[in-house]
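Here's a quick briefing to read alongside the model. Have the sequence open as you go.

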Amino acid sequence: MADEHGASLADRVEGELRRGIGSGEWQPGALLPSEGELAVRFDVSRTVVREAISRLRAAGLVETRRGRGSSVLARPAAQDFTHSLGTVRTPQDRLYLLELRRGIEVEAAALAAVRRTPATLAAVDAALRRTATVRGGASDAVEADFAFHRAIAAATANRFYLDLLDTLGAGAITRPYAGPEPDPGHLDQVLGEHRRIRDAIASGDAVGAAAAMRTHLDASMARLTG
């Protein structure tokens with residue numbers, strides 16, 4: 001737990017420094033406050049500050065010179081979502097990610113119900129069968145789960161939904177599958193929820209598909225905290 005806590009503190013400090021650089025609080029060429037000043041400002045240890053700055057240095061945002069400190073090289077790119085996904089570690093982070101997915105995938109399910117074609121519905125069905133026949137480890141269950149959600153994104157006929165799901169990747173499946181084998185009880189629950197989503201999409205019921213997806217993601221949040 002200490003390592004995870006330390007990592008989350010470094011994540012927070014790194015995020016605050018990135019926001020400060022991005023907002024212009026520290027312009028390119030400006031020196032960042034000293035490690036001691038940043039440690040006081042963010043109420044963390046100098047070790048945490050050094051870790052955060054080393055990440056900024058690796059990203060090409062700052063440079064550090066002995067005896068001079070760290071200076072800003074550039075503002076972070078507006079696109080930083082992939083980095084944010086890499087910092088998802090805590091149960092609270094996973095809940096926030098599920099909230100984001102709920103805002104995206106409920107509408108995706110509704111669109112899929114209206115726009116699905118025989119080919120895209122067949123892909124949803126294939127992903128559903130894959131979930132039903134998972135016999136491997138937890139990683140197989142996660143991949144099968146993600147394949148179902150990705151097939152629905154494809155069925156929207158809106159490439160941006162699919163691009164976004166691909167950016168999230170299988171890591172978006174946030175259920176903490178415990179141990180090397182997936183929990184059969186959990187898999188049965190997910191499968192039932194997936195089938196209800198699929199059936200609403202197949203029948204062209206946009207309202208029902210959206211409701212089924214919301215129910216599924218709400219249940220995922222409950223399983224995460226249960």
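Contact here means heavy atoms within 4.5 Å. This is a predicted model, where local features need pLDDT of at least 70, side-chain atom pairs count only at pLDDT 80 or more, and totals for chains, interfaces and linings use all residues. Residues are numbered from 1 along each chain as its sequence is written, and side-chain values use heavy atoms, leaving out hydrogens and water.

**His 194**
- His 194 sits in helix H9 (residues 184-202); helices are DSSP runs of H or I, at least four residues, numbered from the N terminus.
- With 0% relative accessibility, His 194 counts as buried (under 20% relative accessible area, 1.4 Å probe, protein chains only).
- Leaving aside residues up to four places away in sequence, His 194 touches Leu 128, Thr 131, Asp 145, Phe 148, His 149 and His 216.

**Arg 223**
- Arg 223 belongs to helix H10 (residues 206-225) and, at 17% relative accessibility, counts as buried too.
- Its side chain makes polar contacts with the side chains of Gln 189 at 3.2 Å and Glu 193 at 3.0 Å.
- His 186 is 37 residues from Arg 223 along the chain, yet their C-alpha atoms are separated by 8.7 Å.

Note on methods:
Helices (H or I, at least four residues) and strands (E, at least two) are DSSP runs, numbered from the N terminus. Buried means under 20% relative accessible area, exposed over 50%, partly exposed in between (1.4 Å probe, protein chains only). A polar contact is a pair of N or O atoms within 3.5 Å; within protein, one must be able to donate a hydrogen and the other to accept it, and residues adjacent in sequence count only if both atoms are side-chain atoms.
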